[in-house]
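Let's take a walk through this model together. Keep the sequence and the 3D view open as you read.

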Amino acid sequence: MGKACKEVPAMSKKKSGMQIYTKQDKAILYCGYALLAVFLIAIIVPMVYIVIASFMDPVTLQNKGISFDFSKWSLDAYERVISDKQIWVGFKNAVLYSVIFTVISVAVTMLAAYPMSLPDFKGKKFFNTLFVITMFFNGGLIPTYLLINNIGLLDSMWAVILPGAFSVWNMIIARTYYQGIPRELREAADVDGASEMRYFFNILLPVCMPVVAVLALWQFVAMWNSYFDAMIYLNSASKQPLQLVLRSILIQSQPESGMIADIQSTAERAKMAELLKYATIIISSLPLLVMYPFFQKYFDAGIMAGSVKG
């Protein structure tokens with residue numbers, strides 16, 4: 001009777017849904033929390049430093065470090081960057097390129113992943129091998145440049161958008177997500193007489209919105225932060241994206257080698273370069289920081305659902 005009474009609390013905990021942790025489980029759990037805290041600090045501290053440094057006088061920042069004395073803060077860096085008309089041209093181009101690139105990339109990826117997810121698709125292994133090869137080998141910078149030039153895309157936005165629009169890795173993620181959808185959904189569509197196209201656009205895509213949102217976020221961020229392709233393929237200043245414009249402003253403000261005749265001018269340019277460095281980081285990152293919370297609910301669902309099967 002006494003033994004049965006001792007087992008009642010444990011049974012009541014199981015019935016109430018409370019999870020019982022052993023000492024080993026608690027140790028692992030606390031270690032995980034500690035690591036997460038370290039990662040969080042490693043992310044937040046540099047962000048806070050950059051935000052504060054973007055408002056501070058560079059001389060004070062170099063000599064005394066971060067200061068919360070608001071009398072030493074200044075908006076000169078932001079005024080210098082925002083007053084440049086090329087900034088707004090670059091911002092418009094960056095938004096245009098990122099949106100078009102995201103739409104094309106997600107559309108091509110989802111269309112390519114669907115047949116690759118079908119078990120009865122003929123030539124599946126052959127195409128899968130071709131896709132995987134492109135993940136490890138490419139033509140290189142010079143052949144790619146010659147190709148872009150020969151097909152007439154040089155100095156156009158399509159030279160920046162089209163070459164990287166299809167990602168094999170994203171296709172694999174979308175294919176895995178498709179494979180996790182029950183086949184009964186397709187069978188029900190067949191019973192209702194739905195064609196393959198109708199099933200894909202009207203039934204399957206709405207179910208796949210989490211992974212679509214994740215891929216869209218990835219591609220938008222990738223294009224927004226990209227500047228190397230634009231630097232190689234775009235010659236007109238009116239077509240440069242924001243990242244390339246900010247890079248040009250930062251380089252122009254840096255002192256040139258050999259500028260020793262005018263020491264004051266050299267010091268001023270060095271001061272302006274230090275001042276602009278943090279402001280350009282904030283301006284280029286702000287749209288992504290504003291956009292990311294709206295995709296957060298899809299981000300978790302898309303990543304977890306797409307990683308169930310391999």
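Start at Arg 186, whose side chain meets that of Glu 196 in a salt bridge, 2.9 Å from N to O. This pair links distant parts of the chain: Arg 186 sits in helix α10, while Glu 196 belongs to helix α11 (residues 196–207), 10 residues apart. Bear in mind that you're looking at a predicted model.

Arg 186 has another partner, too: its side chain and that of Asp 190 form a salt bridge at 2.4 Å, N to O. Here both residues lie in helix α10 (residues 184–191), four residues apart, or about one turn of the helix.

Now turn to helix α9 (residues 168–179) and helix α12 (residues 209–225), whose axes come within 10 Å and cross at roughly 170°. So α9 runs roughly antiparallel to α12. On the α9 side, Trp 169, Asn 170, Ile 173, Ala 174 and Tyr 177 make the contact, and they face Pro 210, Val 211, Leu 215, Trp 218 and Gln 219 of α12. By class, that's eight nonpolar residues, two polar and no charged ones.

Last stop, the cysteines. The structure holds zero disulfides. Cys 31 is partly exposed, with a relative accessible area of 48%, whereas Cys 208 is buried at 0%.

Technical notes
Residues are numbered from 1 along each chain as its sequence is written. This is a predicted model: local features need pLDDT of at least 70, side-chain atom pairs count only at pLDDT 80 or more; totals for chains, interfaces and linings use all residues. Side-chain values use heavy atoms; hydrogens and water are left out. Axes are lines fitted to C-alpha atoms, for helices over the stretch in contact, and angles run from 0 to 180 degrees between N-to-C directions. Helices (H or I, at least four residues) and strands (E, at least two) are DSSP runs, numbered from the N terminus. Angles under 35 degrees count as roughly parallel, over 145 as roughly antiparallel, 65 to 115 as roughly perpendicular and the rest as oblique. Contact means heavy atoms within 4.5 Å. Ala, Val, Leu, Ile, Met, Phe, Trp, Tyr, Cys and Pro count as nonpolar, Asp, Glu, Lys and Arg as charged, and the others, Gly among them, as polar. A disulfide is a pair of cysteine sulfur atoms within 2.5 Å. Buried means under 20% relative accessible area, exposed over 50%, partly exposed in between (1.4 Å probe, protein chains only). A salt bridge is a side-chain nitrogen of Lys or Arg within 4 Å of a carboxyl oxygen of Asp or Glu.
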